[in-house]
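Subject: Structure handover

Hello,

Here is the structure I said I would pass on.

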Amino acid sequence: MTTPPDPTAESALPAGYPHQWEADVVLRDGSVAHVRPITPADAEAIHRFHARQSAESVYLRFFAPIRRLSDRDVERFTHVDYLQRVALVAEVKGEIIGIARYDRLDAPDTPAGRTAEVAFNISDAFHGRGLGSVLLEHLAAIASEAGVERFVADVLPQNRRMISVFADAGYEVTHRFDDGVITVSFQVKPTEQSQAVRMTREHRAESVSVGRLLTPRSVAVVGASRRERAIGARLLQHLVEGGFTGTVHAVNHDAEEVAGLPTVARVSDLGEPVDLAVIAVPAESVLDVVRDCAESGVRNLLVASAGFAEAGEEGQRRQAELLRTARLNGMRVVGPNSFGLINTDPAVRLNASLSPEFPQAGRLGLFAQSGALGIAVLASATRRGLGISVFASAGNRVDVSGNDLMQYWIDDAATDAVGLYLESMGNPRKFSRIARNLARTKPVIVIKSGVSSYGVPPGHRVRVSRARPEAFDAMLRQAGVIRVENVHQLFDVAQLVLHQPLPAGSRVGIVSNSEALGALSADAALSWGLEVSHGPVSVRSEATAEEFAAALDAAFDDPDVDSVATCFIPPVATQDEEVARVVARAADRGDKPCVATFLGMRGVTDALSGEASGEGARRRTVPAYGTPEDAVRALAAATRYGEWRARDHGTRVQPEGLDRDAAERIVDEVLAGSPAGRALQPDEARALLAAYGIPVWQSLPAGTADEAVAAAEQVGYPVVLKSVSPLLRHQAGLTGIRVDLRTEASVREAFEVMQERLAPLHADRFVVQRMATPGVACVVTTSEDPLFGPVLSFSIAGLPTELLDDVGYRIPPLTEVDVTELIGSVKAAPLLFGRKGSQPVDRDALADLVARASVLADDVPEVASMVLNPVNSHGGGVEVLGAEITIAPAPQRTDTARRALPDAGR
């Protein structure tokens, strides 16, 4: 038997093969397929694909009953130049399951070359899994990048499935019927609707994929051992003792029985399907196990074994091969080096983890990356009395990540809040997008120490960010995420948002039987930005439970109170259980949240739980904290989240009058002459910004007094003369600008004086510019970050920016609300809004400018950096008086226009 050639082997790849088009994708049913460019070595696989197709599918594709494709046709299909003719294949287990292609109607530099004829052929066995939509998405993205603007396709009227693929993708499709064939046509550039469709499909597919992972009907533990302390033995024990409702298999090639279960040497020896294989064998044996699982049709892998990317170069190669083998065979991977998975659903009861205790069922979803953190997180949840719905540890996060779990939790009716312990982040743009969607209905609490490379654990391949930590904080705020510093604070917040309503505002009532505790609570509230609108009220230390109840009722009934904080130190006369029941009853009768500090009581307890009202209703519990500061900090976090969730988040900014084609031409011309990139000349920068509706005032260089006068006459009096040397930005008390020059004589005098003063500092490089209306000088910048993509910042020019670091950040794409909040986020913002009787600036004009800058940065990744400084903002509008832009080859962003799973470790 002759082994067919590997179509992706380097020796089989034609010249110009675009590796960047390869991608692993999740289909509608949660399975995985590999998408790649076609190669000549695919000829035999094309024949096999065609032979498996039904007569109807063949007729719908070729308009004729072709039983076997001719060798000439197959050669034409598989030999493409990846420019004029492009073709993609999707494959699983080495077999092609789908083909998509386009052929330009003419050369790329002609009008007809901007239109391409597109065709698809999907395996009968994969109809209904969304494969056609995925291939269209990838093909359209490739076409758009290559300058193709329109797809056309001839479709038989009865081929409704293919017609719906185009329409359902969100494109504006036109139809023309002629001679028994429907010609469909549409623009391939993404529209707002097509992007929304893509994200919805991505969410649905990834949610289903994680759902299959968490609800297996059968689990095989590979490496099940008789040694009690071995990882395999513990995983098998925890599965069985946890009461897993499905079938458990033990795989061990050295024993006939483990823990009372018969064993087999390999998964393939089972002779029946396995949904989840839990692998706990030495690292050097894992790949053999994965290959055996692939042959056996295993759907998902959980790799607990260590010794991969965290162990050096050999481990990195082993990890990459693990992922490649799993993906090519349609499997998702948790790990390697994973602590495991837990699903407390009574219908599943999955404890495929190293946790010896099966957690209490509850409404909190938890995600952690390392095993050590997994232990800490689960232990803390148990101590607090907090039940969990799902727990997942990603380990080295080679495949399944926190983003995948969040997609699942959006739909999971058993999860009301989510906690994430993130040691690294591979795709923050996607994280922000998914987290914002999840946070609209469920609190998302995140522990993340930073975004630099210093805190990244071994084995986690991530891009190193150059952005300031404030940019990461801004991303979380945009997404409505509650950021905390440690596990302790995560559960402080979780026990509140799970068991109490969200605060409607920031006004707090404080009730205590200790003046000291009441004062501590009030001070904490003020420090966390809350308003003490009631109290602090201190009942006498010997007060009865009834007296305490009266004080609490008064706080809850106060219309100026949004939430209540109560503190109680049990005296000799009154038992804390009595007061706890009083607190629970008071909080249970309204819609205002309550937090409590009781000596010796912490977490979610029966003593502070109210009565469930109605069938299926859940008891509301007042969470208990060890200190008033902990209680108030959690309350402040819930308040900020409640305010975020209640407000209108706006829609994505879409300024009018953008000429994206003109911007692309400018960038292409620059990179054609300077492939490594360069700073734009002033005229180039003005042209690029003009394409996005941002006019920049002209600045004319002046090396002599005569040149300064000529420049002044060209731009029109009055003018300013200023030094463009960056040295002056850091010279206290030394200015390099003269303003309101209205005559030739004043320009000459100003030039001579400034040149004499600044020449010794080598700061005598001057420009002349028209005099602007007095206003507030602002700075708007963007930078392309390897991790975040475009990062936008805003500040007030001068000391607030240069000395006080008073800068606000946001991550595009932005909504109108994001833009408004960015402008108001800096401490110097009152200067813009009419401080001490001064005229407020034109906020709408400033917001429009910031929006246009954000869209430019998002649309054009080649803009490595852009600085608009100064942006003169006043009551009559804004003017951009200076602009510096650097262009560089476009990086590969982490969240692209086509659905794809991350590569190894990203």
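Aspartate 178 counts as partly exposed because its relative accessibility is 46%; the classes are buried for under 20% relative accessible area, exposed for over 50%, and partly exposed in between (1.4 Å probe, protein chains only). Arginine 176, at 48% relative accessibility, is also partly exposed. The two residues form a salt bridge, with their closest N and O atoms 3.9 Å apart. The term salt bridge here requires a side-chain nitrogen of Lys or Arg within 4 Å of a carboxyl oxygen of Asp or Glu.

Before you read further: this is a predicted model, in which local features need pLDDT of at least 70 and side-chain atom pairs count only at pLDDT 80 or more, while totals for chains, interfaces and linings use all residues. Residues are numbered from 1 along each chain as its sequence is written, and side-chain values use heavy atoms, with hydrogens and water left out.

Salt bridges

In total, the structure holds 53 salt bridges. One of them joins aspartate 492 to arginine 384, at 2.8 Å from N to O. This pair links distant parts of the chain, 108 residues apart: aspartate 492 belongs to helix 14 (residues 487–499) and arginine 384 to helix 10 (residues 371–384). Helices (H or I, at least four residues) and strands (E, at least two) are DSSP runs, numbered from the N terminus. Both aspartate 492 and arginine 384 are buried.

Aspartate 740 forms a salt bridge with arginine 742, with 3.0 Å between the closest N and O atoms. Aspartate 740 is partly exposed at 36% relative accessibility, whereas arginine 742 reaches 54% and so counts as exposed. There is also a salt-bridge network that links Asp24, Arg327, Arg332, Asp399 and Asp404.

Four strands make an open sheet in the order 29-32-30-31, with antiparallel pairing; two strands pair if DSSP finds at least two bridges between them. Strand 29 (700–702) and strand 31 (737–741) are at the edges, each with a single partner strand, so one side of each has no neighbour in the sheet. From one strand to the next, the twist averages 25 degrees. Strand 29 is joined to strand 32 (residues 766–770) by three bridges, and the two run antiparallel. Alanine 702 stands opposite phenylalanine 766 of strand 32.

Helix 22 (residues 744–758) lies across strands 29, 30 (719–723), 31 and 32, and runs at about 175 degrees to strand 31. Axes are lines fitted to C-alpha atoms, for helices over the stretch in contact (heavy atoms within 4.5 Å), and angles run from 0 to 180 degrees between N-to-C directions.

Regards
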